[in-house]
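Hello,

Here is the structure for you to look through. My notes follow below it.

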Amino acid sequence: MRIRFGYRDLTHPGGTLGALQESQHLLPDMEALQAQMADDGYLLLRGLIDRAKVQRARETVLNHMNEQSVLSPGAPVLEGVMPRGGRGAKLQRIAAHEDVRNVLEADELFAFFAGYFGEPALTFHFKWMRAVGNEQYTGAHYDFVYMGRGSPRLHTVWIPLGDTTVDHGTLVVCRGSHNLPAFAPIRDTYGRMDVDRDGIDGWFTKDPMEIVEKFGGEWQTGEFFMGDVILFGMHTMHASTTNLTNRFRLSCDVRFQPASEPADERWVAGGPGHTVHGVEELVPIEEARRRWGLPV
Ligand SMILES: O=C(O)CCC(=O)C(=O)O
């Protein structure tokens, strides 16, 4: 299959992107799952959420998009950062619909994280709903820069709201980016930033392949099916493949952490969200990378 990753046209499978490791067979052995997370920086749990619930959520989101007429050709689509107002706000509203919330705040997720954390979990109020259009993709980043003010055990859960082939825009994780010594210079600089405090661009690069060329690790992805989830921590570099199809890729990424730990105030109920996006004078990432002594 012909796919695109950032600027690069590739073939998959069998090309430069590796295959994701599946971990659902380890359930409910939380120690084994934690060990797998420590090794890989992510857990792919196929079929964790009831597929029929995800199908219902997908239909509700699509109906909503149709009603809002956001399916018009050429309409702007969501990228890495949720814009204020406009389409983002419209999709954010549908995240509160019962059919969708049954997936984004699924009992299966709370049950999983209660076991994984060894205590009840909380989830951020804000949901990053995405309808990613043709030629759109997400550049490589650590989530810490967007939501790192609270618990060190905060995890992202990426939930496809449709069966998603790699040419439709799948999540890609960089195995090794969370623990390889070669990534320490990135983790210790970019990986300590806060986009609202430091005024940097959120993405480390628009060309994710340069990361493995310069620092090592392996980008891994695969086809996703409704019901699958992939979880990762705040210092696992990730991105998405480009959507080369003419259909929106629907997904949502949500966050879970131990309920007893502090939460990033921007994303819990009543939080302001990002506070400085859209403000001029962002430091371009190339400039920031030069200042950090990282190759550009
Ligand atoms: O869905 C995407 O394109 C990006 C998702 C993402 O960056 C995340 O889950 O943190």
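First a term: a nonpolar core is a set of buried Ala, Val, Leu, Ile, Met, Phe, Trp, Tyr and Cys residues joined through C-beta atoms within 7 Å. Buried means that 20 or more other C-beta atoms lie within 10 Å of a residue's own; with 12 or fewer the residue is exposed, in between it is partly exposed, and C-beta atoms are placed from the backbone.

This is a predicted model, in which local features need pLDDT of at least 70, side-chain atom pairs count only at pLDDT 80 or more, and totals for chains, interfaces and linings use all residues. Residues are numbered from 1 along each chain as its sequence is written.

Confidence. The pLDDT is the predictor's confidence in each residue, from 0 to 100. Its mean over the chain is 91, and 91% of the residues reach 70 or more. In residues 71–87 the pLDDT is below 50, and this stretch has 27 contacts in the model beyond near neighbours in sequence. Two residues are in contact if their C-beta atoms, placed from the backbone, lie within 7 Å.

Core. The largest nonpolar core has 79 residues, and those with the most contacts inside it are Val103, Val157, Ile159, Val229, Ile230 and Cys252. Helix 5 (residues 107–117) contributes the most to this core, namely five residues. Helices (H or I, at least four residues) and strands (E, at least two) are DSSP runs, numbered from the N terminus. Leaving out residues up to four places away in sequence, Val103 touches Ile49, Lys53, Val54, Ala57 and Ile159.

Ligand. Around the ligand are Arg130, Val132, Thr138, Asp143, Thr156, Trp158, Leu171, His238, Ser240, Ser251 and Asp253. A residue is near a molecule if its C-beta atom, placed from the backbone, lies within 6 Å of it. At least two residues of this shell come from each of strand 6 (128–132), strand 7 (155–160), strand 11 (238–240) and strand 12 (249–258). The shell has three nonpolar, five polar and three charged residues. Here Ala, Val, Leu, Ile, Met, Phe, Trp, Tyr, Cys and Pro count as nonpolar, Asp, Glu, Lys and Arg as charged, and the others, Gly among them, as polar.

Two single residues. Gly162 sits in the loop between strand 7 and strand 8 (171–175). Gly162 counts as partly exposed because it has 19 C-beta neighbours inside 10 Å. Val296 is in the segment after helix 10 (285–292), and it counts as exposed because it has 12 C-beta neighbours inside 10 Å.

Regards
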